[in-house]
Amino acid sequence: MDDLTDLLTRALAATPPESPAAAGAREALAHGEYEVALGLLAEPADGRRPPPDWWDLLIGAADLMRLRPVAAWCRWGRWESVHGVLRASLGLTAGGPIPGRGIARVRWDIGRDDPRAARIWVEYAPSLAPGSTGSVRLAPLTPADWRGLRPGRQITIDEHPHLAGTATILETVP
């Protein structure tokens, strides 16, 4: 557990002390509750975007504990630290379900000549079923092509005829 303790201790040291997760993670580490500490650190609730090397520490810890879902989320967080955050409300009208956790890659009409692909992370649910609406995070395969999108803009899935839906951009953080 020394490697695991080292990774989590270094991640905690790089977390602002006033962060909501810092006190809980510190206490969990003191009691050897590594999974709890990792879970608290992996959900930065203070609006900051930690740097990629911070996420690398959490990815290493999650991999050592064989926590694949947590490792997947940390890899997603690392990607967002490098490329930015793009959140949307997606109403899925046909096809699906769309699995959460960044597995699905969907083509979107974002107002360019050709559709652009992005992976989807469904927030707060394991998947998004047809006929439902949910909050999603998008990871464009070509982030520069998506930079002009602003909150309120609607984009549509362009996967004819397998999948249909419309997303309204909620948040963009470069």
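## Overall layout

The chain holds five helices and eight strands. Helices (H or I, at least four residues) and strands (E, at least two) are DSSP runs, numbered from the N terminus. Along the sequence, the pattern reads α-α-α-α-α-β-β-β-β-β-β-β-β. This is a predicted model: local features need pLDDT of at least 70, side-chain atom pairs count only at pLDDT 80 or more, and totals for chains, interfaces and linings use all residues. Residues are numbered from 1 along each chain as its sequence is written, and side-chain values use heavy atoms, with hydrogens and water left out.

The C-alpha trace spans about 55 × 30 × 20 Å along its principal axes. Of the chain's 174 residues, 43% count as buried. Buried means under 20% relative accessible area, exposed over 50%, and partly exposed in between (1.4 Å probe, protein chains only). Among contacts in the chain with a separation of 6 or more, 60% come from residues 24 or more positions apart. Contact means heavy atoms within 4.5 Å.

## Helix α4

Helix α4 covers residues 52-64. Its 13 residues should span 18 Å at 1.5 Å a residue, and the end C-alpha atoms are 18 Å apart, which agrees. The expected span of a helix is 1.5 Å times one less than its number of residues. The buried residues here are Trp54, Trp55, Leu57, Leu58, Ile59, Ala61 and Ala62.

Arg66 lies in the loop between α4 and α5. Its phi is near 60 degrees, a positive value in a residue other than glycine. Arg66 counts as exposed because its relative accessibility is 72%.

## Helix α5

Helix α5 runs over residues 68-83. At 1.5 Å a residue, its 16 residues should span 22 Å; the end C-alpha atoms are 22 Å apart, in agreement. The buried residues of α5 are Ala71, Trp73, Cys74, Trp76, Gly77, Trp79, Glu80 and Ser81. They pack against α4, β1 (85-94), β4 (116-122) and β6 (133-140). Just after α5, Gly84 takes a positive phi of about 105 degrees.

## How α4 meets α5

Two packed helices are described by the angle between their axes and the distance between the axes. The axes of α4 and α5 come within 9 Å and cross at roughly 170 degrees. That makes α4 roughly antiparallel to α5. Axes are lines fitted to C-alpha atoms, for helices over the stretch in contact, and angles run from 0 to 180 degrees between N-to-C directions. Angles under 35 degrees count as roughly parallel, over 145 as roughly antiparallel, 65 to 115 as roughly perpendicular and the rest as oblique.

On the α4 side, the contact is made by Pro52, Trp55, Asp56, Leu58, Ile59, Ala62 and Asp63. On the α5 side, Val70, Ala71, Trp73, Cys74, Arg75, Gly77, Arg78, Ser81 and Val82 take part. The residues of this contact of α4 with α5 divide into 10 nonpolar, two polar and four charged. Ala, Val, Leu, Ile, Met, Phe, Trp, Tyr, Cys and Pro count as nonpolar, Asp, Glu, Lys and Arg as charged, and the others, Gly among them, as polar.

## Aromatic pairs

The structure holds three aromatic pairs. One is Trp54 with Trp55, an edge-to-face pair: 5.0 Å centre to centre, with 85 degrees between the planes. Both Trp54 and Trp55 are buried. Rings of Phe, Tyr and Trp (its six-membered ring) pair if their centres lie within 6.5 Å; planes under 30 degrees apart count as stacked, over 60 as edge-to-face and the rest as tilted.

Trp76 and Trp121 form a tilted pair, 5.4 Å centre to centre and 50 degrees between the planes. Trp76 lies in helix α5 and Trp121 in strand β4, so the pair ties together parts that are 45 residues apart in sequence. Both Trp76 and Trp121 are buried. Together with Trp73, Trp76 and Trp121 form one aromatic cluster.

## Two exposed loop residues

Ile103 lies in the loop between β2 (98-99) and β3 (105-109). At 64% relative accessibility, Ile103 counts as exposed. Its C-alpha atom is 9.7 Å from that of Ala72, 31 residues apart along the chain.

Tyr124 sits in the loop between β4 and β5 (127-128). Phi of Tyr124 is near 65 degrees, a positive value in a residue other than glycine. With 75% relative accessibility, Tyr124 counts as exposed.
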